[in-house]
Amino acid sequence: MKISDEQLREALSLFRESVHELHPHGAARPVRSFAAWRIIAAAFAMLAVLAALPLYRHRQSDLANKAARIDTQDDALLREVESDISLSVPPPMQQLELLMAYDSMTNAERTK
Amino acid sequence: MVLEAVSPLEDFESVVRLHRQAVFRFILASLRDRDAAETLTQECLLRAYRARDQFRGEAGVKTWLMRIAVNLVRDHQTSARLRFWRRPHLDVSAIARTVADRQKSPEAAAAAKQQIAAVWEAAAGLSHRQRTVLLLRFVEDMEISEIVEATGMAEGTVKAHLFRALQNVRQKLEKKP
């Protein structure tokens, strides 16, 4: 649709009027879009999470290793304690027990 | 008795009162960024105050201020290319509605709103020079000779930019339903 010079002048006049509506510290202050800031904040949050992930994994792996080491030590200690408990006499008296057992054997048993 | 010529910039407060709004609206219409417009208006007036001794009165005060504003807008637009995340935002539809509501009939108001939006859109798509020339001529009602002073362009260049800017506005208006 072709527009006449008159219509162009009218449009420019309306535009002029609209620009003259702009005042410093105006009451009709347009709302500023915060979309860009939200995107930047989300990007920073995402980067922070990505940066923290390897640290978190490293920490989790450390904790798992430590737990495994403690379990191994506990097992060894438990085995040691169990072996001590399973003895009929304390280790320093084991030689004496052997001698007593030898004395109580019959001759036939001794020759075997 | 010798009469000393009094510079119009002697009373700088009056200069600010008279021209601040024109400087502000030119910058805001150029950048569509209210915060930047507020800052650059202050910067423009500060620069004018500091350079007031250099004002020779060959051009009007408004033309002189507009020359500073044009340079500030150009520098801001150059540096704004690096700040790609900052999108200028001005609610043009709210401004258009204010003006359109003054029309006599609802039909005229709707047409006016469309026309205003089309010219704003066309202005946004213009080059810095074309937009500057369009705003100085049709918003600030400056003469071609004043625009020549304010922009530092040759008269022929100003006329060529104005012609192209008007062509773009016309095309945008013709595309509107």
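## Chain A, the interface and a helix pair

Chain A has four helices and zero strands. Read from the N terminus, its elements run α-α-α-α. The model is predicted. Chain A has 112 residues, and 5% of them count as buried.

Next, the contact between the chains. Chain B gives 32 residues to the contact, and chain A gives 25 residues. On the side of chain B that touches chain A, the elements giving two or more residues are helix 1 (12-31), helix 2 (34-50), helix 4 (92-100), helix 5 (106-124) and helix 8 of chain B. The residues of that side of chain B divide into 18 nonpolar, five polar and nine charged.

Helix 8 of chain B also packs against helix 6 of chain B. Helix 6 spans residues 128-138 and helix 8 spans residues 155-175. Their axes are 8 Å apart, at an angle of about 90°. Angles of 65 to 115 degrees count as roughly perpendicular, so helix 6 of chain B is roughly perpendicular to helix 8 of chain B.

Which residues make the contact between helix 6 and helix 8 of chain B? The table lists them by helix.

| Helix of chain B | Residues in the contact |
|---|---|
| Helix 6 | R129(B), Q130(B), R131(B), V133(B), L134(B), R137(B) |
| Helix 8 | V158(B), H161(B), L162(B), R164(B), A165(B) |

By class, the residues of this contact of helix 6 with helix 8 of chain B divide into five nonpolar, two polar and four charged.

Terms used: Residues are numbered from 1 along each chain as its sequence is written. Chains are lettered from A and ligands numbered from 1 in the order in which they are written. This is a predicted model: local features need pLDDT of at least 70, side-chain atom pairs count only at pLDDT 80 or more; totals for chains, interfaces and linings use all residues. Axes are lines fitted to C-alpha atoms, for helices over the stretch in contact, and angles run from 0 to 180 degrees between N-to-C directions. Angles under 35 degrees count as roughly parallel, over 145 as roughly antiparallel, 65 to 115 as roughly perpendicular and the rest as oblique. Two residues are in contact if their C-beta atoms, placed from the backbone, lie within 7 Å. Ala, Val, Leu, Ile, Met, Phe, Trp, Tyr, Cys and Pro count as nonpolar, Asp, Glu, Lys and Arg as charged, and the others, Gly among them, as polar. A residue is buried if 20 or more other C-beta atoms lie within 10 Å of its own, exposed if 12 or fewer, and partly exposed in between; C-beta atoms are placed from the backbone.
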